[in-house]
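Subject: Structure for your files

Hello,

My notes on it follow below.

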Amino acid sequence: MPWSRIISGIIAIALALIATLLGGWYFTIAIAVVVFLGQEEYFNLVRARGIVPAAKTTMFVSQALLVICNINDSLADAVMPIAGTLICFYLLFQPKMATISDISASIMGLFYVGYLSSYWVRLRTLDSLASSNLPFGGYWPENWLDITQPNSLASLPQGLTLTVLSFLCIWAADIGAYIIGKFFGKTRLSDISPKKTVEGAVFGITASIAVGLAGAYYLHLPKVIFTGVALGLLIGIASLLGDLTESMLKRDAGVKDSGQLIPGHGGILDRTDSYIFTAPLVYYFVTLLLPLIADI
């Protein structure tokens, strides 16, 4: 593995963990930057197919969506239909008549990069307001030694611990699939991404399940084994599907990478594709299914 890929990966992980720990507006701004850059790359892929999307309008309403998620996530779902309506209005009144592809690509840019990513903000804000001890809704542990004590992780803000656990499952899935696929993979998984193998995918999902089990145990989640396996399996599969979806977009656009922003990794979408479908699934698993599991 090239050193540029390793170093840039370490830096990206460090920045992600710091932003996640801080939470509040710090985390929201970090996600907003990623969404902005990711949508720029997405629309570049779209333009490579001769499509003319409502890029600026879509990027603006996506940023507004992230702000609303941090202020009141119950209002966030109302933004999606309103934003879609605004995008259609914008395209209707352009000098050149918009096509179905223009409208579809614009709505897809809103949904795929903006709306789905907003669930990371929703997940991080869970149970975070009461624990805020920094300006702008931020959080910082008052005593780092407390985190190392038994049962201390369960006392941290739920949004923080579940977001970090989700990241760890994704990293385990990505790293496990890459290593096993590179050295032991023989069976091609899909023509969409020729380098991905069945062996790598299976080990990546297994690694995600192992991390999910460990996380469920240390966070004292209800029905540890069932919850850990279900959460790890969910994240492992969603991570893989996100990767394949972005590969499909690049293949259709005829490019190898979505961008060149991150040395050794390509663009923002190349680095964050595994996170896109994961966020809403984890959020609803935690908010809808976890309470039901606890009552069983």
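Among contacts (heavy atoms within 4.5 Å) in the protein chain between residues at least 6 apart in sequence, 73% join residues at least 24 apart. Please keep in mind that this is a predicted model, in which local features need pLDDT of at least 70, side-chain atom pairs count only at pLDDT 80 or more, and totals for chains, interfaces and linings use all residues. Residues are numbered from 1 along each chain as its sequence is written, and side-chain values use heavy atoms, with hydrogens and water left out.

Overall build. The protein chain has twelve helices and two strands; helices (H or I, at least four residues) and strands (E, at least two) are DSSP runs numbered from the N terminus. Their order from the N terminus is α-α-α-α-α-α-α-α-β-β-α-α-α-α. The radius of gyration, taken over C-alpha atoms, is compared with a globule rule of 2.2 Å times the number of residues to the power 0.38. For 296 residues a compact globule would come out near 19 Å, and the 20 Å of the protein chain agrees with that. The C-alpha trace spans about 65 × 50 × 40 Å along its principal axes.

Burial. Buried means under 20% relative accessible area, exposed over 50%, and partly exposed in between (1.4 Å probe, protein chains only). By that rule, 47% of the 296 residues are buried.

Helix α5. This helix covers residues 100-115, and its buried residues include Asp-102, Ser-106, Leu-110, Tyr-112 and Tyr-115. The buried residues of α5 pack against α2 (24-47), α3 (55-71), α4 (76-92), α6 (118-124), α10 (224-253) and α11 (268-276).

Cysteines. A disulfide is a pair of cysteine sulfur atoms within 2.5 Å, and the count by this rule is zero. Cys-69 is buried, because its relative accessibility is 1%. Cys-88 has a relative accessible area of 26%, so it counts as partly exposed.

Trp-140. This residue sits in the loop between α6 and α7 (144-147). Trp-140 is partly exposed, since its relative accessible area is 37%. Apart from neighbours within four places in sequence, Trp-140 is in contact with Leu-21, Leu-22, Asn-133 and Leu-134. Thr-227 is 87 residues away from Trp-140 along the chain, and their C-alpha atoms are separated by 28 Å.

Regards
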